[in-house]
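Colleague: I'd like to learn how to read salt bridges in a model. Can you walk me through them?

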Amino acid sequence: MSYALAALVNPFLIPRCIWKNRTVIFHWTRRLLALRYAGSLLGPLWTLATPLLMLAIYTFVFGIVFRARWQMLDPQLETTGSYAVILFCGMAVFNIFSETVQTSCRCIVDNANLVKKVIFPLEILPLCQLLAAALTGQLWFALVLGAAILAGLPLHPALFAFPLALLPLLALSAGLGWFVAATTVYLRDIPHLTGMGLQALFFMTPIFYPEALVPQSLHFILLINPLAWLCQQARSLLLFGQIPPPGDLALAWLTCFGICQAGFVWFVKVRKGFADVL
């Protein structure tokens with residue numbers, strides 16, 4: 001049985017791959033994080049500065065200039081501060097996804113020496129990009145909770161169930177990361193298309209507007225967008241104290257882990273031609 005076929009029929013092949021290469025994943029991820037801020041004056045502080053600047057800009061534009069508010073159960077919580085926290089939570093979800101997919105595009109092309117000269121588990125490269133994005137993303141979610149306290153939003157026990165939304169997000173990001181990483185080797189337009197697609201997806205996902213504002217005739221866009229589900233579930237668990245319906249959670253898990261499996265299968269199927277192209 002080929003490795004690609006084994007990946008298709010065996011859902012445990014991805015966890016086995018991660019466990020088998022855990023040491024390489026750890027060191028490569030640490031290398032990525034070290035290179036990210038190498039030579040900069042602020043260093044890792046950019047991890048904090050970037051989200052805070054983005055939060056300030058979007059809060060000013062939508063919360064102050066356009067006076068946007070989120071529809072809350074308690075009208076007293078509909079303030080600029082609460083809107084900023086809810087906005088930031090959606091940005092944190094989207095950032096993990098977009099950073100993983102964008103950086104995964106060229107992770108094989110930029111490491112062609114690993115393809116040609118060294119026996120290296122290439123499938124871990126997109127995983128390392130995901131892990132680096134997830135580690136910085138946890139800081140974003142920590143800021144979300146801190147800002148929620150400052151904005152007067154109550155914290156609920158449901159936030160401890162946050163992995164119910166985080167794990168499908170990681171699976172979705174990994175699956176598309178594998179897909180774009182492998183496809184970029186053969187089609188160098190993929191990074192440009194990915195950048196345009198992510199920009200469009202940002203505005204098509206209810207990050208700075210509630211789903212209720214989307215016209216009913218366009219709700220199908222939210223129904224086919226897994227990020228819309230994950231943003232809603234993350235806010236429900238972290239900020240609203242609500243456990244999403246089991247059916248919604250099951251749909252998110254099945255869809256995201258299905259995309260993860262499909263991306264992995266595509267990667268292992270086409271990687272045998274990497275050396276010929278690179």
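Colleague: What does R36 form a salt bridge with?

Modeller: The general idea is that side chains of opposite charge can pair when their charged atoms come close. A salt bridge here means a side-chain nitrogen of Lys or Arg within 4 Å of a carboxyl oxygen of Asp or Glu. R36 pairs with E99, and their closest N and O atoms sit 2.8 Å apart. R36 is in helix α3 (residues 22-36) and E99 in helix α5 (residues 80-104), so the bridge ties together parts 63 residues apart in sequence. Helices are DSSP runs of H or I, at least four residues, numbered from the N terminus.

Modeller: One caution: this is a predicted model, where local features need pLDDT of at least 70 and side-chain atom pairs count only at pLDDT 80 or more, while totals for chains, interfaces and linings use all residues. Residues are numbered from 1 along each chain as its sequence is written, and side-chain values use heavy atoms, leaving out hydrogens and water.

Colleague: Is E99 buried or exposed?

Modeller: Buried means under 20% relative accessible area, exposed over 50%, and partly exposed in between (1.4 Å probe, protein chains only). E99 is buried at 16%, whereas R36 is partly exposed at 30%.

Colleague: How many salt bridges does the rule give?

Modeller: Three. One of them joins R271 and E123, at 2.4 Å from N to O. That pair links distant parts of the chain, 148 residues apart: R271 is in the loop between α12 (246-270) and α13 (274-277), and E123 in the loop between α6 (112-116) and α7 (124-150). E123 is buried at 6%, while R271 is partly exposed at 26%. D110 and R106 also pair, at 3.1 Å from N to O.

Definitions and conventions:
Helix = DSSP H or I, 4+ residues; strand = E, 2+ residues; numbered from the N terminus.
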